[in-house]
Amino acid sequence: MTSTDGNLLEIKNLRTYFETEDGTVKAVDDISFQLKRGETLGIVGESGSGKSVTNLSIIRLIPEPPGKIVSGEVIFNGTDLLLLPNEAIRKIRGRRIAMIFQDPMTSLNPFMKISKQLMEMTQLHLGHTKAQAREHAIRMLETVGIPDARMRADDYPHEFSGGMRQRVMIAMALSCEPELLIADEPTTALDVTIQAQILELIKKLKHGTGTSVILITHDLGVVAGMTDHVIVMYAGKIFEQARTTELFSLPGNPYTKGLLRSVPDPTAEQGKLYQIPGLPPDVAHLKPGCPFAPRCDRAEEICRQEFPPFVQLNADHCSLCHFAREVYSESGGVPA
Amino acid sequence: MSTKKDPNHDELIHIPPEMAVAEADVRPVEGDEFVRGTSLWRDAWRRLLKNKLAVFGLIVVGIITLASIIGPTVIKRTFGFTPDYIPTNDTTLIRSFPPFRGPDGKFSWTHPMGTDNAGRDQLARVLQGGQISLFVGIISTLVSLLIGVSYGAIAGYVGGRVDNLMMRVVDVLYSLPYIIIVIVLLSMFRSQTPRGQLILLFVALGSISWLTMARIVRGQVLSLKNQEFVLAARATGVSNTRIIFRHLVPNTLGPVIVYATLTIPQIMLTEAFLSFLGVGVQAPLASWGSLAADGIQNIAIFPWQLIFPGVTMALTLFSLNFLGDGLRDALDPQMRTV
């Protein structure tokens, strides 16, 4: 399983459960997907659908206990990360797989200078000396567009604005030129203009370095503009998986359709916004059948009785639904 | 730089100290000049200076510390005697002179605090006692910082069973009546030399002083470790040791400093108490506790023997407590409003 097939990352049957007083929460339940070198994968879903847990599982940052990766494989460049000893996985974190977190306000250490936090990375992974690391840090800050980088490097995080802090996070994540960048809702906490800048920056840097990106978000607009493939998650399962263009034009799952309908259309007249009725299910107490059935507008008896199959609609498109083919045809697709 | 402030500013618009940071952030940029933000420490320092009691404490502690350090040397240079100098050539029956009185009963600058039973200069003894008391307080506090902070941070960060075990050890040590244990320890291993006894005292006080510090730091780390920057640091491959000591411990600094300043007087009081009971500092070395113990035997006849060490100690402890309270308010402005 080397990189001959072009897969940088391959996840097979990953299950991450959390033991709570309320029972076992199956935050991620039997997920498989691949990511090719240089590609961008979007993961969308409502809050609590298991997007973040999936990605924390990849670099083994699930808090244990209560969390536990129950089974599965995370094959990165041919090695199963779940089998590596702690020491080895630490060398991969930051060096080969880097992460950007949702809230730039809290993901920088308030007591450490920006420069120190950036230098820590390269001193740790690239064996830089202090002077080298400092130069590298300043260069990275310039790359991500911090004005007066040399002067601002010794500031503390509170002296930076939210957008600038997210730029610092990106600089930090990319400073060792990782092969995979996991961006966990990188723009959720930022305002719209800054969002666009940050996304543009990630895009630009990705092209420059050939890094693969996993972009977690609940903003479908971001997914449309940034990604090659999309995974739609719900209740710890992959509900639909397709190329981005296909997913937006020919959705094969009622849940995806609902999500797409929920995006407000700025050109439409003022009126009621569509929302999927109900709330995401409690993943600790899932009933048999499709977890989306109670909220689905085309649910039938079988949906409440049996767990839906993962239907292959074409080479690149799968959907978890009893009526995947029908939904796909309604959208205008021709199931294989 | 626009750091200069209108001196009447605070009278004109009352800005609560909590908002001082925000106020500092919106200062206008003059021309192209780069404006530095106010750091946490400078801000805290400014708030501390507004607190009259804390400033009083700071000054008194400063004076007493300085006097204790250089005082005995100055007295030696000026009058030619050390704190343990016992005059041998004089034949008077009573050697304890009142303040500002010489052997002939006339006014003299030689002994501003009088002398003790053996004729030793009280001022020199009080200053030397101050040296030892402050030294004991500071060393024990450093021990509590070193052991307490590491212990608490590790327990809090690792969590789970390890945390449980480590904190139960602290609980057990807490529940022991430590004064009694210290007394037993000090009298069991009673050292032959005064210096040995002093080291024993350090060990005894140091071994109990870190318990509360460990609890405080553990609590802080427990709430800090779930913050995203710790996860971010872990995601960049930083080792646990480094996360604890480079990322978490500096973040607990505020409460740690406050508690440390309040530990110093507490330890000094314990030391005085032990010395008063006769198990701590031994003559010819002096501490405020042992001086008070000596003085209390003659309180009716020679009251200055008790008054001077007693007042000095009370003043120092008051001042240290005021300073600690002031620091707490300055470093954590939210706490005051609660």
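1. Helices (H or I, at least four residues) and strands (E, at least two) are DSSP runs, numbered from the N terminus.

2. Please keep in mind that this is a predicted model: local features need pLDDT of at least 70, side-chain atom pairs count only at pLDDT 80 or more, and totals for chains, interfaces and linings use all residues. Residues are numbered from 1 along each chain as its sequence is written, while chains are lettered from A and ligands numbered from 1 in the order in which they are written.

3. Strand β8 (residues 212-217) of chain A has 6 of its 6 residues buried, so it is largely enclosed by the rest of the structure. Buried means 20 or more other C-beta atoms within 10 Å of a residue's own, exposed 12 or fewer, and partly exposed in between, with C-beta atoms placed from the backbone.

4. Side chains in a regular strand alternate between the two faces of the sheet. From β8(A), Ser212(A), Ile214(A) and Ile216(A) point one way, and Val213(A), Leu215(A) and Thr217(A) the other.

5. Which strands pair with β8(A)? Strand β3 (residues 40-44) of chain A runs parallel to β8(A), joined by 5 bridges, and Leu41(A) has Ile214(A) as its bridge partner. Strand β7 (residues 180-184) of chain A is also parallel to β8(A), with 5 bridges; Leu180(A) partners Ser212(A). Pairing requires at least two DSSP bridges between two strands.
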